[in-house]
Protein chains: 2
Amino acid sequence: MDKLNEVADDLKLLGDKTRLMMLGLLQEREWCVCEFVELFEISQPAISQHLRKLKDKGMVKESKRGQWVHYSLNVEGKPHITAVLHGLPDSHTLLSSLNKTGVTACCD
Amino acid sequence: MDKLNEVADDLKLLGDKTRLMMLGLLQEREWCVCEFVELFEISQPAISQHLRKLKDKGMVKESKRGQWVHYSLNVEGKPHITAVLHGLPDSHTLLSSLNKTGVTACCD
DNA sequence: TTAGTATATAAGCATTGGCTTATATACTAA
DNA sequence: TTAGTATATAAGCCAATGCTTATATACTAA
């Protein structure tokens, strides 16, 4: 696949507000699936499906710890993605746009 | 609409290989609709619809000259878009990925 | 084992999106 | 005016996408 198609596919993935928000938040720290489930107003399977797409494209890494799965950003060598993410508001601003001041701890 | 939604919508627009290619080519110079019709292997209405979406989002400007309509890039003040476009291959490389060495003149 | 919790997958549905063909509009030139 | 060319719009089709509910899997703890 040539470069253009690869970039277009990456951007299509970022062109969803939930996934873009996830990646924005992941710039600050890693997040547990259960936190995302609390944050977003969509079902747990919907969260899981978004994360799978991001993982399949290699944009996030998962790390299983006991019952919980944590996701972290994995965009080394994708400068076009990094550039977009750097332009996003910071985590605090992103969170307040969800009308969530914080997340109650749901994992260790 | 908040910043995140605006960026997500912009990226969704760029997440199509035809539109991304158009914007990539428009970095070098302005292009006439008739040239795009020659370049891409889709119908003239399909070209027109892509350009309308780009225009509606304010990413391109149109300039009518006689029978022809020329489009030019209009991404000032959209650093996240500019960053993505700068990462694309140059026009010559983009064109060769379409298996077109050049475009025969179709307008003045 | 059993029940409980966290996450993933499957299946189905409604919406969106890109394409097509047909047609309308705008301009040019005879 | 008339015909020809360039572009835009309308309508419809089909595939892709994001969501839901139901279910499966994986882990924990009693």
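In this predicted model, β1(A) and β3(A) pair in the antiparallel sense, with 2 bridges between them. Within this region, A:Cys32 stands opposite A:His70 of β3(A). The pairing belongs to an open sheet of 3 strands in chain A, ordered β1-β3-β2 and antiparallel. Its edge strands are β1 (31-32) and β2 (60-65) of chain A, each of which pairs on one side only. Helix α2 (residues 17-26) of chain A packs on the sheet and touches β1, β2 and β3 of chain A. The direction of α2 makes about 85 degrees with that of β3(A).

Between the two protein chains, 23 residues of chain B are in contact with 23 residues of chain A. On the chain B side, two or more residues each come from α1 (3-14), α2 (17-26), α5 (79-86) and α6 (91-97) of chain B. The greatest contribution to this side is that of α1(B), with 8 residues.

Around DNA strand C there are 27 residues, and the closest are A:Cys34, A:Pro45, B:Ser43, B:Pro45 and B:Gly66. At least two residues of this surface are supplied by each of α3 (33-39), α4 (44-56) and β3 (68-73) of chain A and by α4 (44-56) of chain B. The largest share, 6 residues, comes from α4(A).

How values were computed. Residues numbered from 1 in each chain as written. Chains lettered and ligands numbered in written order. Predicted model: local features only at pLDDT ≥ 70, side-chain atom pairs only at ≥ 80, totals over all residues. Near = placed C-beta within 6 Å. Helix = DSSP H or I, 4+ residues; strand = E, 2+ residues; numbered from the N terminus. Contact = placed C-beta atoms within 7 Å. Pairing = 2+ DSSP bridges. Axes fitted to C-alpha atoms, helices over the stretch in contact; angles between N-to-C directions.
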